[in-house]
Amino acid sequence: MRVNDAYLLAYDPIPEEVASWLAANDWTKLTNTPGSAALWTRGGEEILQPLLRNASDYELRMRDMFRIISDTRQDSAEAIAQEMVAEGSDVVEWRASLENSRDYSLPLDDGLALIQGVRNAFVAAANATVQRRGYFGHSTLKVAREHARVVQMGQTRRGSYVVPIISRIPGVMESHDSHQSDLGLEFVAQPFERRVIARLASALTVITEMAVQSGREPTQSQLNESVAEGVSHELCSAVAGALKAESFDAVDISFRWASRLSGHPNVKNLDLPRNAAPIIHRMAERLRGSEVVGEQLLVGFVRSHRREPGEEDGIVYIRTALGDQMRTVALDVSPAQLHDALVAADQNRPVSVRGRLARAPGRTWRFESVSEFRIADAGVMDWG
């Protein structure tokens, strides 16, 4: 079987992903030369996995490895490479369907509109992962801008215009055993990289339902409610921008979730025809300047509490993953909620809080309203 060199371009698995895939497919590691290569075996076959990506013979050794695996699996190298990347990465592909299927070129401005729309959508999703807001304006969070630089874009494939975005998830490929000996915050909170892709999938699903499937333009009330799912002026503008290219019939978006990490919305494919662009653009305009803050769920541990003498209500401070960092978030609680907070702190159990999250300039994050506060079930996974 001839190995297609394109797998090194469209999907370039890193050594950790290759090793995770091999172990999951019954290959056994025999030897490991630190920093150089690893020898694997299965059913009498042996392969040498290169580990130094900057070595001069790295691509040659990768081709040799994929040739053996392809012959054994009777599958293409590119398909296997995609599987390997999917071991520890969430992959989102934005595919533009050309209006003229016989013409495999497109205006430069149309290609730029697609890529810029994808980039802006990821910034909007990262913003909404930290705080649900209908309009961010000049308040785009630094973590959102930085995340757009962290995700990688694979190369498009011949015969179509595909923007594959690869979001590698840290810490999920080190072991096949995801159980932890003690309950820690890492157990209850998904990595930021996963939460951004999950938020993007949920928000795009809502946009598709409102602009494509409903058959009528959403009401302002429906738009306001969609903010809780991550819909914003910025995300709608990004999608409308990607659809505005005259050479596109549609943009379809597919999601492949990292197999080593559970907990994500069940979203696989979304289709956005070009004729939905005007509706989505109007949705963006109606959200421009919106002060709507949507509810969101955070899971964390109680770190401290305060109640003034003679007062029944109190203030609880929880430590939680907000964005890509651990932060302290404050919330006002009722006497019953304060009791639950003290029980959770005494037993070192996580709590979940649902409400509207806000932060005044220069101040700490705070829930300005709380609709639900409870002790979380052990092992709860939150991608929201």
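Two strands are taken to pair if DSSP finds at least two bridges between them; strands (E, at least two residues) and helices (H or I, at least four) are DSSP runs, numbered from the N terminus. The model is predicted, so local features need pLDDT of at least 70 and side-chain atom pairs count only at pLDDT 80 or more, while totals for chains, interfaces and linings use all residues. Residues are numbered from 1 along each chain as its sequence is written, and side-chain values use heavy atoms, with hydrogens and water left out.

Strand E4 (residues 89-98) pairs in the antiparallel sense with strand E6 (residues 161-168) over eight bridges, and Ala 96 stands opposite Tyr 161 in E6. E4 also pairs in the antiparallel sense with strand E7 (residues 248-256), over eight bridges; here Arg 95 stands opposite Asp 252. Nine of the 10 residues of E4 are buried, so this strand is largely enclosed by the rest of the structure. Buried means under 20% relative accessible area, exposed over 50%, and partly exposed in between (1.4 Å probe, protein chains only).

Helix H3 comes next. The buried residues of H3 are Tyr 58, Met 62, Met 65, Phe 66, Ile 68, Ile 69 and Ser 70. Just after H3, Gln 74 takes a positive phi of about 55°.
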